[in-house]
Amino acid sequence: MNTSKKQGWSITRKFGILFFSVFFFLQIIQMFSRFFLGNQNMDVFYYPSLFVQNYILRLHAIPKWTHLSSGGADTLDDWVQQLAYILIAIIVAIFVIAFSRKRKDYSSLYEWTKISVRYFLGAVMLLYGLNKLFFNQMVYPLLSYFYTPLGDFKPMDLAWTFVGYSPAYQFIGGLLEVMAAVMIFFRRTLVLGLLIFLGVMSNVLMLNYLYGVAVKSWSTTLVIIGLFLLWEHLPKLMDFLLFQKSAKIEVPALNIDTPWKKRARLILKYGYIALVLFILIDSNYKIHSRVNSYNPIPIEGAYDVHSFIVNSTENTDFFNENRWNQIVVNNSPDGLTSSGHVMLGTIKRELATFKIDSLNQLSITFDRDSSMVFKGLHRLSGDSFIWTGTIGKDTIRMVLRKNERELTLHESPFRLIVEPGEQENLRTRK
């Protein structure tokens with residue numbers, strides 16, 4: 001895309017830079033809006049998607065104008081949003097070319113587009129990289145995860161647990177993302193930064209698509225931005241890497257002559273980087289402090305329900321879904337509330353929130369039903385917990401004992417040297 005102005009650009013080249021300029025502009029506007037406004041205030045930004053759904057694809061009998069966020073970015077609204085952005089970019093590109101036929105090239109637009117997406121991509125990679133360096137993106141698995149059968153995990157839960165289990169693995173991934181971000185901010189290291197970025201993001205992209213992580217469309221857009229920035233350097237990279245030819249990657253000079261413009265550029269550049277770093281480090285530190293705060297709650301741990309008495313009658317049918325068989329309470333951040341799950345019968349697992357108030361009363365609510373499930377008292381009796389209270393109109397008395405199961409995964413540290421007997425695993429056991 002460095003064709004000289006005297007020769008001019010072909011229609012295809014003009015269309016390409018106009019298309020990508022508009023497409024990336026729309027992506028950047030939506031991303032910054034999502035970052036500052038949150039997912040719950042994005043209706044107006046989804047109007048292009050909703051318009052395409054209503055009047056082009058005709059997916060809704062009654063026009064829909066409200067976007068319901070799923071917490072991810074792979075809803076029908078999100079995928080159609082990408083289609084809408086593509087259509088908008090095509091229309092704008094054709095319109096501009098049609099009404100500016102005498103224009104020979106769009107060199108200035110191309111340069112400003114590269115600068116804009118370069119600083120945007122650098123900020124996004126700092127966001128994800130610092131999340132991992134602070135161990136905020138994938139946290140170490142909670143106790144309830146270790147008591148959840150592997151078959152109950154969703155693919156995304158499995159991927160998140162796999163990465164979060166090893167803080168070192170997550171830290172190295174974050175470090176590579178931060179390195180790529182820093183290099184992308186500077187023209188002399190841009191190509192190396194993009195190569196690191198594409199290496200890291202290729203793995204992320206595969207995880208997102210193959211493990212059902214709900215940011216597939218967004219991560220695809222980031223990879224497209226990286227390829228766009230690397231595109232003009234690909235011929236020389238291929239000469240050097242594939243054909244063993246001597247190749248020199250040129251760093252384009254900035255045509256800034258006056259001293260005050262040079263100073264202003266440096267102030268804007270380093271001011272932007274400093275502001276992004278400050279915001280991200282501050283927010284990640286606060287999240288890390290909140291997530292890793294720990295104040296023991298009296299009932300935390302894994303318990304088997306040895307006795308479950310309903311209205312003075314003991315329920316001994318362990319297969320009955322009305323009987324609570326196992327309760328797992330995770331670590332509490334504040335000593336009052338915690339998450340976990342309750343095993344009903346042998347196959348039904350309910351995610352639950354446990355809360356103890358100032359009067360030592362225990363309440364348990366299931367995440368799928370916000371109504372009160374259990375409310376009562378808890379006390380320690382020897383090696384057992386006694387929970388007494390009500391579930392609906394029924395009086396309940398439960399005797400709980402600590403589950404003493406050895407959790408091999410939870411208790412296995414990193415070992416450089418493994419003894420022969422320790423090599424046994426599930427595949428080799430008979």
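Over the ring of which residue does the charged end of Arg323 sit? The charged end of Arg323 is placed over the ring of Phe318, 4.2 Å from its centre; a charge counts as sitting over a ring if NZ of Lys or CZ of Arg is within 6 Å of the ring centre and within 35 degrees of the ring normal.

The model is predicted, and local features need pLDDT of at least 70, side-chain atom pairs count only at pLDDT 80 or more, while totals for chains, interfaces and linings use all residues. Residues are numbered from 1 along each chain as its sequence is written, and side-chain values use heavy atoms, with hydrogens and water left out.

Helices (H or I, at least four residues) and strands (E, at least two) are DSSP runs, numbered from the N terminus. Helix 3 has 24 residues and reaches 35 Å from its first C-alpha to its last, close to the 34 Å expected at 1.5 Å a residue, where the expected span is 1.5 Å times one less than the number of residues. Its buried residues are Asp77, Asp78, Val80, Gln81, Gln82, Ala84, Tyr85, Ala89, Ala93 and Ile97, and what covers them includes helix 1, helix 2 (47-56) and helix 9. Here buried means under 20% relative accessible area, exposed over 50%, and partly exposed in between (1.4 Å probe, protein chains only), while contact means heavy atoms within 4.5 Å.

Asp77 lies in helix 3, which spans residues 76-99, and it counts as buried because its relative accessibility is 3%. The side chain of Asp77 makes a polar contact of 3.0 Å with that of Lys64 and another of 2.8 Å with that of His67. A polar contact is a pair of N or O atoms within 3.5 Å; within protein, one must be able to donate a hydrogen and the other to accept it, and residues adjacent in sequence count only if both atoms are side-chain atoms. Neighbours within four places in sequence left aside, Asp77 is in contact with residues including Tyr46, Ser49, Leu50 and Gln53.

Ser217, which has its place in helix 9, is buried because its relative accessibility is 5%. Not counting residues up to four places away in sequence, Ser217 touches Ala73, Asp74, Asp78, Trp79 and Gln82.

**Aromatic pairs**

The structure holds 29 aromatic pairs. Rings of Phe, Tyr and Trp (its six-membered ring) pair if their centres lie within 6.5 Å, and planes under 30 degrees apart count as stacked, over 60 as edge-to-face and the rest as tilted. The rings of Phe20 and Phe228 have centres 5.5 Å apart and planes at 40°, so this pair is tilted. The pair links distant parts of the chain, with Phe20 in helix 1 (residues 11-37) and Phe228 in helix 9 (residues 216-230), 208 residues apart. Phe23 and Phe24 also form a tilted pair, 5.9 Å centre to centre with 55° between the planes. Ring pairs link Trp9, Phe15, Phe19, Phe20, Phe23, Phe24, Tyr110 and Phe228 into a cluster.

| Residue | Relative accessibility | Class |
|---|---|---|
| Phe20 | 27% | partly exposed |
| Phe228 | 8% | buried |
| Phe23 | 6% | buried |
| Phe24 | 1% | buried |

Two strands pair if DSSP finds at least two bridges between them. Strand 6 (residues 361-366) and strand 7 (residues 369-381) pair in the antiparallel sense over 5 bridges, and a hairpin joins them through 2 residues.
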